[in-house]
Amino acid sequence: MCFLCFLPDQKFLTLFLPLDVTLPSGIASTNFTSATSHIDDSVTELKNGSLSESWENPCLLPVEIMQIHNELSSIWQHLQKESVALQEYRCQLQSHEQHLANREALLVKHQDALTKLRGVEEEVHAKCEIVKEQHAAEVSQLTNAIKEKIKENKRLKSSFDSLKELNDSLKKQVNNITQQNKKLEVQNKKIQSRLENLQVSFG
């Protein structure tokens with residue numbers, strides 16, 4: 001394995017430098033400082049061309065560098081897991097936000113429906129009040145008309161009673177006149193008979 005693969009190139013620095021990378025507690029600060037110093041020395045020697053043979057043989061690589069590489073690989077894997085977990089959490093958040101948005105939209109629809117129902121209720125109440133007022137006016141008119149009819153019926157009844165009394169009186173008068181006519185007819189017949197008898201006697 002070539003050590004050049006583990007040198008921090010520009011892409012590697014771009015990937016890790018913005019992150020807050022903290023090495024595990026298993027690596028002591030003295031070891032990290034020594035390893036860092038050793039890396040700096042190795043890089044200096046690499047620039048001078050004195051370590052060209054060491055890069056070709058992985059066995060000549062310092063243990064600290066391999067340990068740092070392993071630690072960085074472990075950190076990178078941990079960051080990958082954290083990235084996957086963050087992606088899943090982001091998906092969960094997006095799903096939760098979508099659920100909340102759907103609930104909010106449903107609540108808005110329900111609120112609009114309630115507002116419409118309130119408007120319809122107010123309209124129905126207003127129409128009921130109008131119908132109630134119209135009904136009260138019609139009842140008042142009918143009550144007044146009934147009162148007038150009752151008065152008129154009383155006047156008609158009074159007139160009828162008067163006419164009935166007059167009719168009864170006229171019937172009595174007719175009966176009296178009829179009886180008088182009968183009496184007069186009887187008298188007339190008697191007189192006619194007497195006249196006939198007198199005529200016969202003087203004849």
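Tutor: We begin with surface patches: they are made of residues with over 30% relative accessible area and no salt bridge, where like charges are joined within 9 Å and nonpolar side chains (Val, Leu, Ile, Met, Phe, Trp, Tyr) within 5 Å. Accessible areas come from the Shrake-Rupley method with a 1.4 Å probe, and for residues only the protein chains shown count as cover. The model is predicted: local features need pLDDT of at least 70 and side-chain atom pairs count only at pLDDT 80 or more, while totals for chains, interfaces and linings use all residues. Residues are numbered from 1 along each chain as its sequence is written, and side-chain values use heavy atoms, with hydrogens and water left out.

Student: Which residues form the nonpolar patch on the surface?

Tutor: The patch consists of Ile191, Leu195, Leu198 and Phe202, with about 440 Å² of accessible area together. Leu195, in helix α4, has a relative accessibility of 41%.

Student: Why is Leu195 called partly exposed?

Tutor: Buried means under 20% relative accessible area, exposed over 50%, and partly exposed in between. The 41% of Leu195 therefore counts as partly exposed.

Student: What makes the contact of Lys127 and Glu123 a salt bridge?

Tutor: A salt bridge requires a side-chain nitrogen of Lys or Arg within 4 Å of a carboxyl oxygen of Asp or Glu. The N to O distance for Lys127 and Glu123 is 3.5 Å, so the pair qualifies. These two residues are four residues apart in helix α4, about one helical turn. Lys127, at 49%, and Glu123, at 44%, are both partly exposed.

Student: How many salt bridges does this rule give?

Tutor: The count comes to two. Asp161 and Lys157 also meet in a salt bridge, at 3.4 Å from N to O. Asp161 is partly exposed at 31%, whereas Lys157 is exposed at 52%.

Student: What is the reach of α4 from its first C-alpha to its last, and what span is expected?

Tutor: Helices (H or I, at least four residues) and strands (E, at least two) are DSSP runs, numbered from the N terminus. The expected span is 1.5 Å times one less than the number of residues. Helix α4 has 140 residues and reaches 198 Å, close to the expected 208 Å.

Student: Which residues of α4 are buried?

Tutor: Ile65, Ile68, Glu71 and Ile75 are buried in α4. Buried residues make up 7% of the 203 residues in the protein, which has four helices and zero strands.

Methods
Buried < 20%, exposed > 50% of the residue type's maximum accessible area, 1.4 Å probe, protein only.
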